[in-house]
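User: Please take me through this model in questions and answers, starting with its packing.

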Amino acid sequence: MSDFMEIIKGRRSIRRYQDREIPEEDLNQVLEAIRWSPSWGNTQCWEVIVIKDSVIKQNLQETLSAGNAATKAIGEAPVVITLCGKLESAGYKKGQATTKFGDWFMFDLGIATQNLCLAAYNLNLGTVIVGLFDHDKAKDILKVPEGYEVVALVPLGYPTQEVSAPSRREIAEFVHYDTF
Ligand SMILES: Cc1cc2nc3c(=O)[nH]c(=O)nc-3n(C[C@H](O)[C@H](O)[C@H](O)COP(=O)(O)O)c2cc1C
């Protein structure tokens, strides 16, 4: 269990990568971690685009909002994984939303993304979850069909350096017992 906590605590957002390819079996292990993510009613509403093409990476990099610290990461990483979600699937029954939150695709994609990042870290690979970009432009570039949305970009590669951990709130600051 201590190894497990080391993985949870040791994973950092990595924004600079070595010029080094990722072995296919490691890439497959990362995709396998997405595959085994839990999801609403096991709907598995994710679709994953594995990008290695430098022109597509360059075009995607241009969709990042000005000042996004992950901009270089998109062009530099040997692989960029794009997580897309199928709409009106998670949280839906017979075409109707079942809770006040409507579509749960963002929730399910969040879990899948964390599985990806932890599995990557376990293989000494760095990742950063990128959410601040023009999702519609990315959707066009990646030819994502209607009924699906691009949710996050995750560059993947060997880190150039260690990064220190940003601070976290103490447990006592966010945990409530019995009532809020
Ligand atoms: C949903 C989500 C979106 C994020 N979007 C970006 C982003 O657009 N650019 C970026 O540099 N980091 C982004 N991050 C990374 C966070 O800044 C980072 O996880 C946070 O500062 C904690 O650092 P750590 O991941 O090293 O623990 C995002 C993280 C999450 C979970």
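Analyst: Ile81 is in contact (heavy atoms within 4.5 Å) with Leu27, Val30, Leu31, Val48, Ile49, Leu116, Ala152, Leu153, Val154 and Leu156, leaving out residues up to four places away in sequence. This is a predicted model, in which local features need pLDDT of at least 70 and side-chain atom pairs count only at pLDDT 80 or more, while totals for chains, interfaces and linings use all residues. Residues are numbered from 1 along each chain as its sequence is written, and side-chain values use heavy atoms, with hydrogens and water left out.

User: Is Leu27 buried or exposed?

Analyst: Leu27 belongs to helix H2. Apart from neighbours within four places in sequence, Leu27 contacts Ile22, Val50, Lys52, Val79, Ile81 and Leu156. Buried means under 20% relative accessible area, exposed over 50%, and partly exposed in between (1.4 Å probe, protein chains only). At a relative accessible area of 4%, Leu27 is buried.

User: How far is the polar side-chain atom of Asn68 from a nitrogen atom of the ligand?

Analyst: The ligand is surrounded by 14 residues, the closest being Arg12, Ser13, Arg15, Asn68 and Arg168; a residue is counted if one of its heavy atoms lies within 4 Å. A side-chain N or O atom of Arg12 is 2.7 Å from a ligand oxygen atom, and a polar backbone atom of Gly131 is 3.0 Å from a ligand nitrogen atom. For Asn68, the distance from its polar side-chain atom to a ligand nitrogen atom is 2.7 Å.

User: What is the relative accessible area of Lys94?

Analyst: Lys94 is in the loop between strand E3 (92-93) and strand E4 (96-97). Its phi is near 50°, a positive value in a residue other than glycine. Lys94 is exposed, with a relative accessible area of 83%.

Notes:
Polar contact = N/O pair within 3.5 Å; in protein donor to acceptor, adjacent residues only side chain to side chain. Helix = DSSP H or I, 4+ residues; strand = E, 2+ residues; numbered from the N terminus.
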